[in-house]
Amino acid sequence: MDAVLRQVEQLPALLAVSRSAQVRHWDCLTLDRALEWARYFQHLHHRFRARPQLREALGRRLRRSQPLPVLGFPALGRCPQLLGLALLENRALPPAACRCLLRSLLQPPAGGSGRDPGGLPLLARRKAAACLLASGPGPQGQLQAEARLLLGRLREEGQGAEAQLLREEGQETAGQPRWLRGALEQLPQPRACGVVAAALALLAQGCDTEQTGDADRAASSSQGGYQAGAAGDGCAAGFLLSWLLGNQERFSAFCLCLPSSQLAFLAGHYSQLSRSYLDLLTSWGSRLVYDPLQGRWVKSCLDKAELSWEELRERFICLCQGPALLREQTQAALELLRTRDGDFKVRGLSVWTDLLMEVGY
Amino acid sequence: MAQDPTVPKLNFEYWLDKAVEWGQATTLESQKDVCLHLPQLQEFLHQLYEAIKHLQGPTVVIQQFPLIGQLLGRLCWNPFVIGYDESQETLMWCLCCLYSSEPQNAVELKANSWVRSLLCHLLSSSKWESNEAETSAFISALGYTSADYYCHLVKNMVVSLVRELRENQFSGLNIQESISASRVNAISIVCVPLITLPDLAPLLETLLLYHGGSSKEILSSEFLESVNEAFLKKKISLPESVIFSLWLRHLPSLEKATLHLLDQLFSIQLNSLEEVACVIKDSLLPQAASHPAIFRIVNEIFKNALVETGGTSEVLTIIQVFTQLFLQERQNENKQHKFPLKAYFPYHHQPLVRGLVRRPFELPTTYWSQHVKRISDMLKALVEDTNASSLTDLFEIWFLVACFGEWLDIAAEQLVKAAVEPDPVLWLLAFYYCPKNENQQRAQTVVEAQEVYSHLMMLFNCADLSLKDLEAAVHRVTGTEQCCNQQFTTHLLTNFLLFSPGGHKIAQECIYHITEITDTSKEVHNLLIRTAYRFNHSGEENQRTVKLLNELLQKLMLKV
């Protein structure tokens, strides 16, 4: 087993090389050997798939090796594809090796048998399908797909973390995997916010059970039982919230770029989030000033990334349309603020009085 | 350069013109035109690959087919082509043939770089749409590949389209929120190349069950035809209700399915009706026929097939098995959802219909002859009513009786097996075998049949028969030109051989004799497999008869 662990430790290096300029020196032989390794890792995956302890040991070894890309046990099963596609995209690969690569990835098998139905043709077909079906509204499908992949990873991490009881080093503050920030930083901020929101929404709806990041999950959850899956979900939500709430600037950007209905939905499901959201709305609201000439609340500082009266009002209305608990929490917060402002019940004196009137109190 | 004569001429100009015309297939017209040509294009790509796979290096390929680069390059940017069936695979094989491991000149260097960009375009999560560069970095940071990403993306898109369509369906008449008919139509068109992609199944189902507000068909005919085609070729499987919905809304598909079934049945050798029943059931048509509209159309197509083939006994047997299976399905159905019989046979005398649809096993055997007599009496009254006996009416009545041929076989069997009043039974069979009754021919047929019958019944209990004893009956078969009388007598004679104690011994010899002289072997074979089928289902107590039947069938099988 030690030998296997040491071999698996080489996988990140192999993938890193396949993405680097070092492949410039590869010939057909090197390439075949690399693909051979990939197939060997795939074989290990098939062999240890049904053995939770070994899975865990291999997964831990892979996770501790490097920050990005995040690799776990399922990566072993996907190894030929990870390696093949990385090499295909790497322009440094010389023609002779590339020809070998194409042959092994694409060429029809000589006997006409053994066609891999899940191979690259299926990928090309799905990509075309995505393009054909995308005629509809918005990038929602893309965000959701990205969110599902992210969740797959986080669950894996959650299950691993459970096993380790968060003992080991490598966990960033408050139980957030160290790779999460790095991965999300690959996306522009509004997009990252969208992906995280979509992932939290999927967890809240609990509708992510049939489609997860890895095919192996079906196997792992049937062994670990339903509860492990639910615990994995809990961990995943925890990770995402700690990323989101761990940085005030990030959270405020999140709340600025997402629509109020979506924020209210998330606030209704995650109490941590609803508290911070209300605090943030409070701080934005307290910076509005009443313009007696226009007869309305305006921003005190125009260019700051904050909400206008109309936007603030919409957000509170959405919160009050949420579940009972959220509505009560929101009203209680507004009433407390109004009392602090002197408990006037006339418009134009306290922004909280006016907001309470707008939401119907 | 001279073309290799073994290579079929590949029509590059035609497909290049098409590819240019289509562009990236963004307009409705170009989309429809692409869909129409996808199977042919796939065939072309396949031939192209066969033609270039053994050529030595890209330079030779390009010399032989100078337009290849332009064509393949354009096709790679057409998502309809890439999405279709196995086209993307063949296309990528062709691209590989243009890649050289040791590029010798500028053209080959350029070709290499071009092939790699196209493959990246087809396979990696960047470029097709500009914002996917970030996606690519994100998913690879998570340790995933574009294969994982597109798998999820397509599933999500399918789920959200399904949701959109369902919500719209249920929100009903709310015009403002409803998706426009043109959008649903557009979705159905983009699905055409993707029909065999398993991820799409939920969307196909939802579309096929979707009806817009108006009575006009909302889905594109290209889509409906392609789904039907894929189903008939067994490339996809869909729930029965979805297939029924397809056939109910798209008549050409139902016609095609019925003709496909007939073709299938003609192409196999009918060894037993169990096989026939299996193929028919597999087509889902008897199940679908629970919808009266479907039943009537399928029945109409069968009727035409019967007329076109001149009423051959194979087609009749197929129709009879189909009708039996249809009745079986109807019986299994929930009472509440049952349509009345009149919905299936609206223009027929309902008491006659009710009599015919009774399955023999629903009645005790002792009632069979009584039931046959009732059918015969009703039929006679109908046919001899001079008001209703135009040739068309007569044919319609005859076809109805023919569909339920099981009762005719039972009638003929009752003649030799039970103590029955023979005249009504003989009349019934005479009507079946010669419905036209020109110059009172039927009466003549009945008289002749009576003679044959009484002759056979005299011999019924003779233990020691020879072929010579049957000469009179055999002569009626071999010595007549009138095919209806010939078939009728053959039917009586065969039953005599099967069911009389003395007939067994000479059965082989007698049937051999008849089928040698006349070309009735198909009829006899059909009669025997029908009898065997009935025995297998309702049981025949006389083991000698069963054994003889199997022997006769085996002999005939070699002859047919």
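A polar contact is a pair of N or O atoms within 3.5 Å; within protein, one must be able to donate a hydrogen and the other to accept it. The model shown in these views is predicted.

**View 1. Polar contacts between chain B and chain A.** Between chain B and chain A, 24 residue pairs are in polar contact, both residues being at pLDDT 80 or more. On the side of chain B that touches chain A, the elements that give two or more residues are helices H5 (79–83), H6 (87–97), H7 (106–123), H8 (132–141), H9 (146–171) and H10 (181–191) of chain B. H9(B) supplies the largest share of that side, 15 residues. By residue type, the side of chain B that touches chain A divides into 38 nonpolar, 19 polar and 11 charged residues.

**View 2. A salt bridge between Asp199(B) and Arg126(A).** The side chains of Asp199(B) and Arg126(A) meet in this salt bridge, at 2.6 Å from N to O. Across the interface of chain B and chain A, two salt bridges are found by the rule.

**View 3. The area buried between chain B and chain A.** About 6000 Å² is buried between the two chains, with 65% of it on carbon and sulfur atoms. In terms of contact, 68 residues of chain B meet 64 residues of chain A.

**View 4. Chain A.** Chain A contains 18 helices and four strands. Of its 361 residues, 50% count as buried. The accessible surface of chain A is about 16600 Å², and 53% of that surface belongs to carbon and sulfur atoms. Among contacts in chain A between residues at least 6 apart in sequence, 73% join residues at least 24 apart.

Key: Residues numbered from 1 in each chain as written. Chains lettered and ligands numbered in written order. Predicted model: local features only at pLDDT ≥ 70, side-chain atom pairs only at ≥ 80, totals over all residues. Heavy atoms only, no water. Contact = heavy atoms within 4.5 Å. Buried area = accessible area lost by both parts, 1.4 Å probe. Salt bridge = Lys/Arg side-chain N within 4 Å of Asp/Glu carboxyl O. Polar contact = N/O pair within 3.5 Å; in protein donor to acceptor, adjacent residues only side chain to side chain. Nonpolar A, V, L, I, M, F, W, Y, C, P; charged D, E, K, R; others polar. Buried < 20%, exposed > 50% of the residue type's maximum accessible area, 1.4 Å probe, protein only. Areas by Shrake-Rupley, 256 points an atom, 1.4 Å probe, with all protein chains shown as cover.
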